[in-house]
Amino acid sequence: MSRLVIVSNRVPPPRTKGAASAGGLAVALQSFVEPGTLWFGWSGRTAPETSSEPRIVEGGGVQYATIDLGTQDYARFYVGFANSSLWPLLHFRLGLMRYRREDFDGYLEVNAAFAAALRPLLREDDIVWVHDYHLMPLATALRALGFRGRIGFFLHIPFVPPSVFDALPPARGVLKALCDYDVVGFQTRTHLQDFLDCASRIGGFEVEGDDIIVAGRRVRAIADAIGIDAPGFARIAQRSTGTAYIQRVRESLIDRHLVISAERLDYSKGLPNRFEGFARLLARFPQHHRRVSMLQIAARSREEVAAYQSLRRELDRLAGDINGRFSQFDWVPLRYMTQTVARTKLAGLFRVARIGLVTPLRDGMNLVAKEFVAAQDPADPGVLILSRFAGAAEELTDALLVNPYDSDEIAEAMNTALEMSLEERQERHAALRRAVFEVTSARYCNVFVDALKG
Ligand code: F6P
């Protein structure tokens, strides 16, 4: 049987009993990886030079091979092209896109370095599954080193229509690189269609159904929604409610409804619009004063990128403004923290919350929305308010769907959720729960790997 090789920029720490704090992608894949799998990527560390030999550690029968990135490579590849060009572009934020040719060169060089370090570890019948926008040219680099096995790519963030993608100076080259994979996967049908349109209109490739024909080769494009281990997360949430931490959370709420939001501090998440939405709720529906408390967890992220620094300043100002305007001597409406919170604690917070407020301006999928649903007590569930522009909105149609740019619509949805009868909350939750328990992380992995096996 062929071995599965996973390649992603971030690699989770070797599987240990308590490794519950890894990110969504890592958690989704980790429940799928079996002994014998090889997982390759960046160590998360920088060094004077990018390492040519991977460091290999083993955990639970899985081999984790990582390389360090040279300081300059990190600046051009990660801070530069990946997170200052591709990330804003693919989240429809052309105004935030910064492009420098030297960054794109660095991006290609780091992908070549990944390929060079990975190639000696590969067996000819390996199946290689590459993840996310950092590694679009990896198949090209591996092919150049003579690897002939199957290689698939999955994009965890959105894709954009040709009129947006065309603004990227090396747009055609990036599309051509993606066509060196055997299978290219997206979270939703919308992203997949945008990619096919780009391949045809910018790449000039022939598109046949969901396949792209490049020099007689057939590249298969698929939509495959990522899911979570819903029963596992539900168990963590249930257990967490008995902990001293959640007990203290409850005490601090003094019977007030908790509104929870949790994500990385990123401009794609629509945090200022959401803060404004909460302010509108308090201004327009004063009956909720003292009855509601919002907790925003926004873990600091990509702090070297200027757009993230200015977002942080903006949020500090907005949070201060909201609390200054509405606080009373015994009620602070908005609790805002920029530290990371462990998954086990998050699960408990989701379970005690009355509202999960998930309003990204654009998102590939958004697993927080699914985790919020899985964490609820079916007898007394909270209400999910979800952006129409999160990939998850295609499946979670029983959430209160909002346009995240409209802070009045967010405020009205919060008011509806706070006033919603127990019966309606239960009905909506039952439907959401079915959707979340059906599209599991295991199903996501199986669909992709089956497509890749051909
Ligand atoms: O959402 C895309 C993604 O690459 C995830 O896979 C990852 O968890 C997240 O962004 C974190 O970003 P970074 O690696 O820049 O910290």
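Predicted model: local features only at pLDDT ≥ 70, side-chain atom pairs only at ≥ 80, totals over all residues.
Residues are numbered from 1 along each chain as its sequence is written, and side-chain values use heavy atoms, with hydrogens and water left out.

**Stop one: the domains.** Select 4–227 + 441–453 for domain 1 and 230–438 for domain 2; such bounds come from an automatic or database domain assignment. Their C-alpha centres are 30 Å apart.

**Stop two: where they touch.** The contact (heavy atoms within 4.5 Å) draws 29 residues from domain 1 and 21 residues from domain 2. About 1900 Å² is buried between the domains, with carbon and sulfur atoms giving 61%; this is the accessible area (1.4 Å probe) lost on putting the two parts together, summed over both.

**Stop three: the ligand.** Now show Arg10, Leu25, Tyr78, Trp87, Asp132, Tyr133, His134, Ile157, Arg264 and Arg302, which surround the ligand (each has a heavy atom within 4 Å of it). Zoom in on three of these side chains:

- Arg10: a polar side-chain atom lies 2.8 Å from an oxygen atom of the ligand.
- Tyr78: here a polar side-chain atom is 2.4 Å from a ligand oxygen atom.
- Asp132: an N or O atom of the side chain is 3.0 Å from an oxygen atom of the ligand.

Key:
Polar contact = N/O pair within 3.5 Å; in protein donor to acceptor, adjacent residues only side chain to side chain.
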